[in-house]
Amino acid sequence: MKKRPEHATAFGVCIYNKGYEASLELHKIYQMLSDDSLATGVEVRVVDESGEDYIYPAAFFSAIKPSAEVLKSLLRAS
């Protein structure tokens, strides 16, 4: 588990959670962290329900581009 970078601003909506129901809620917005070791795009590092960041299949999330106002709110909450 890596320390969360303070500048991470990518977010995605959980669209699939089979096998990870306790860690990921469907239709919830999650912060996705950049991780150079995951450059293939098959996996993403996500801050889940535990408040910690873990690696999940990228196909579980659909990236979103929130407006500036929503982004500011999401960053405050994370």
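Biologist: Which elements each supply at least two residues of the lining of the largest pocket?
Modeller: In this predicted model, the strand β2 (29-33) and the helix α1 (68-77) each give at least two residues to the lining of the largest pocket.

Biologist: And where does the largest share of that lining come from?
Modeller: The largest share comes from β2, which contributes 3 residues to the lining of the largest pocket.

Biologist: How many residues line the pocket, and which lie nearest its centre?
Modeller: The lining is made up of 12 residues, and those that lie nearest the centre of the pocket are Ile29, Tyr30, Gln31, Ala77 and Ser78.

Biologist: How do the lining residues divide into nonpolar, polar and charged?
Modeller: Of the residues that line the largest pocket, 6 are nonpolar, 4 are charged and 2 are polar.

Biologist: How much space lies in there?
Modeller: The largest pocket holds about 210 Å³ of space.

Biologist: Changing topic, what is phi of His27, and where is the place of that residue?
Modeller: His27 has a phi near 70°, which is a positive value in a residue other than glycine, and its place is in the loop between β1 (10-14) and β2.

Biologist: Is His27 buried or exposed, and why?
Modeller: His27 counts as exposed because its relative accessibility is 67%, where the cut-off for exposed is over 50%.

Biologist: What about confidence, then: what is the mean pLDDT of the protein, and where does pLDDT stay under 50?
Modeller: The protein has a mean pLDDT of 86, with 88% of its residues at 70 or more, whereas over residues 1-5 pLDDT stays under 50, although the model has 15 contacts beyond four places in sequence for them. Where pLDDT is low, the predicted coordinates should not be read in detail.

Note on methods: Residues numbered from 1 in each chain as written. Predicted model: local features only at pLDDT ≥ 70, side-chain atom pairs only at ≥ 80, totals over all residues. Heavy atoms only, no water. 1 Å grid on protein atoms, 1.4 Å probe; cavity = no way out; pocket = protein on both sides within 12 Å on 5 of 7 lines; lining within 4 Å. Points joined across faces, edges and corners; volume = space filled by probe spheres on them. Helix = DSSP H or I, 4+ residues; strand = E, 2+ residues; numbered from the N terminus. Nonpolar A, V, L, I, M, F, W, Y, C, P; charged D, E, K, R; others polar. Buried < 20%, exposed > 50% of the residue type's maximum accessible area, 1.4 Å probe, protein only. pLDDT = per-residue confidence, 0-100. Contact = heavy atoms within 4.5 Å.
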